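Let's take a walk through a protein model and look at how charged side chains pair up. Have the structure open as you read.

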Amino acid sequence: MTRLILASQSPARTKLLSNAGIAHEVLVSDVDEDAVQARYGVTDPHDTALLLARAKAEAIASLPEAEGALVIGCDSVFEFDGEAHGKPYTTDVAKERMLRMSGSMGVLHTGHWLVDCRNTEPHGAAGNAAGSGATLGSVNSAEVHFQEMSEDEIDTYIATGEPLQCAGSFTIDGYGGAFIRKVDGDPHTVVGLSISTLRSLLAQAKVGITELWTGGAADPADIRAE
């Protein structure tokens, strides 16, 4: 069976894959995001998302545990008023951002990078190669439109701790969904991993996404009930 490794500690990303019935393992990289950005001097939010996704994927692909597997790395960056916003980490930063975002709109960029670590040596009677040797990426972007938020709502939301570890200081699949008016683009992008983008990258590595299906996709009724 084809192995897929998710190079991310994000519970939302692994839940997304699990709900889509996609078999995967999780290995977390120790990439220093600030150091990577400083090294390459990338400041554009779109390019930053792809750069960090690549750094995470390649860090895991270099490990012995990745041998024979496909590795997908992801990173999300929120663009607001021309600025790149990663995780706020502190309540003060989160509040300042959310007060500005109230009633406005920003763009969430999620970078994806796939590395094929499978053996590329020909094998079998037909001389087929199991691995493609591919290392490639793509960015999927979605506009996020916010409702007006009162200061009390923002304070209460931040007190949950949810926005402190999220790019842009919000989520769409948690408490933060209450403040999102609409999304123009793939909603999975806002969660942090576009399943359709993953499918496209896998196809370029000569892998059909159905090869990763476990038959254990979430029951739609259960998803609606969550």
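Which residue forms a salt bridge with glutamate 151? The partner is lysine 95, and the closest N and O atoms are 2.7 Å apart. (A salt bridge here is a side-chain nitrogen of Lys or Arg within 4 Å of a carboxyl oxygen of Asp or Glu.) Glutamate 151 sits in helix α5 (residues 151–159) and lysine 95 in helix α4 (residues 91–101), so this pair ties together parts that are 56 residues apart in sequence. Helices are DSSP runs of H or I with at least four residues, strands are E runs of at least two, and both are numbered from the N terminus.

A word on the ground rules. This is a predicted model, where local features need pLDDT of at least 70, side-chain atom pairs count only at pLDDT 80 or more, and totals for chains, interfaces and linings use all residues. Residues are numbered from 1 along each chain as its sequence is written, and side-chain values use heavy atoms, leaving out hydrogens and water.

Now go to glutamate 33, which pairs with lysine 56 in a salt bridge with its closest N and O atoms 3.4 Å apart. Glutamate 33 belongs to helix α2 (residues 33–40) and lysine 56 to helix α3 (residues 45–61), so parts 23 residues apart in sequence are tied together. Lysine 56 is buried, at 12% relative accessible area, while glutamate 33 is partly exposed at 28%. (Buried means under 20%, exposed over 50%, and partly exposed in between, using a 1.4 Å probe and protein chains only.)

Finally, arginine 3 and glutamate 25 meet in a salt bridge of 2.8 Å, N to O. In total, the structure holds 11 salt bridges.
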